[in-house]
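Work through the exercises below with the sequence and the model in view. Try each task before reading its solution.

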Amino acid sequence: MVILRKFSPVALGFLLVIIVWQLATIFGGHQVALFPPPLKVGAALFGIIMDGSIFTHIQISLFRFFSGYLTAVIIAILLGLILGRLPKVWQVIDPIVQVLRPVSPIAWSPFIVLWFGIGNMPAIVIIFLAAFFPVLLSTVSAVRKVDKTYLRIAANFEMSQIDTLRKIVLPASFPMIANGLHMALGSAWIFLVAGEMVGAQSGLGFLIIDARNALSLDLVLASIVVIGVLGLVLDKGIHYFEAWVNKIWGGTT
């Protein structure tokens with residue numbers, strides 16, 4: 001128990017996964033080539049770290065991710081702030097959003113590849129679609145739930161609509177918007193990999209496809225580990241960003 005206390009919860013979680021993984025390879029009855037053990041995957045990961053190729057793929061994937069995600073977040077929040085204040089307009093837009101939202105971004109990939117070609121843009125567009133709707137819906141919902149007292153105070157002070165949105169509505173809505181940012185992050189990161197599998201010749205998703213075609217399943221699992229760790233880092237980054245914004249606006253973390 002003393003040893004366990006020295007581990008952080010994150011490290012303990014990783015250790016548990018590795019132990020279960022190793023036991024599964026021992027007792028699962030699968031060939032090593034079909035289900036590589038942790039040490040073999042670690043050796044593959046060490047190899048792509050030493051030759052530097054993994055850093056090139058990470059850099060490309062992060063560029064695509066932030067390009068699509070941040071663009072979606074900015075546009076979705078701006079639209080959400082406006083549409084949330086225009087309930088009659090939202091009644092017209094909402095059915096359209098509800099029809100488009102459940103469609104997987106990958107379903108649009110044939111058109112996206114035809115329109116944008118092969119390269120960065122297909123993955124960026126897919127990430128944009130994956131992130132846009134969660135942030136838009138959470139923003140509209142948050143704006144509609146803002147305490148009407150705040151809005152009456154803004155009206156009494158004769159604040160402009162832009163100032164009301166910027167100084168009253170956005171800070172009051174941010175806790176709910178943050179939930180949308182978290183959901184959009186996970187969805188966008190998942191579809192980044194899927195998008196790179198469809199219309200890209202580089203990035204972490206492409207690395208998985210390329211390793212699969214070469215039957216290098218240890219490299220496939222090494223790529224999956226990298227994707228998972230980066231996803232964890234991005235999620236922690238959103239938590240720190242949320243705490244920072246709440247601190248500025250006097251909210252709770």
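**Exercise 1.** Which residues have the most contacts inside the largest nonpolar core?

Solution. The model is predicted, so local features need pLDDT of at least 70 and side-chain atom pairs count only at pLDDT 80 or more, while totals for chains, interfaces and linings use all residues. Residues are numbered from 1 along each chain as its sequence is written, and side-chain values use heavy atoms, with hydrogens and water left out.

Step 1. A nonpolar core is a set of buried Ala, Val, Leu, Ile, Met, Phe, Trp, Tyr and Cys residues joined through side-chain atoms within 4.5 Å; buried means under 20% relative accessible area (1.4 Å probe, protein chains only).

Step 2. The largest such core holds 50 residues, and Phe65, Tyr69, Trp189 and Leu204 have the most contacts inside it.

Step 3. Helix 9 (161–199) is among the helices that each supply at least two residues of this core. The largest share, 13 residues, comes from helix 9. Helices are DSSP runs (H or I, at least four residues), numbered from the N terminus.

**Exercise 2.** Find the partners of Phe65, leaving aside its neighbours within four places in sequence.

Solution. Contact means heavy atoms within 4.5 Å. The partners of Phe65 include Ile127, Leu185, Trp189 and Leu234.
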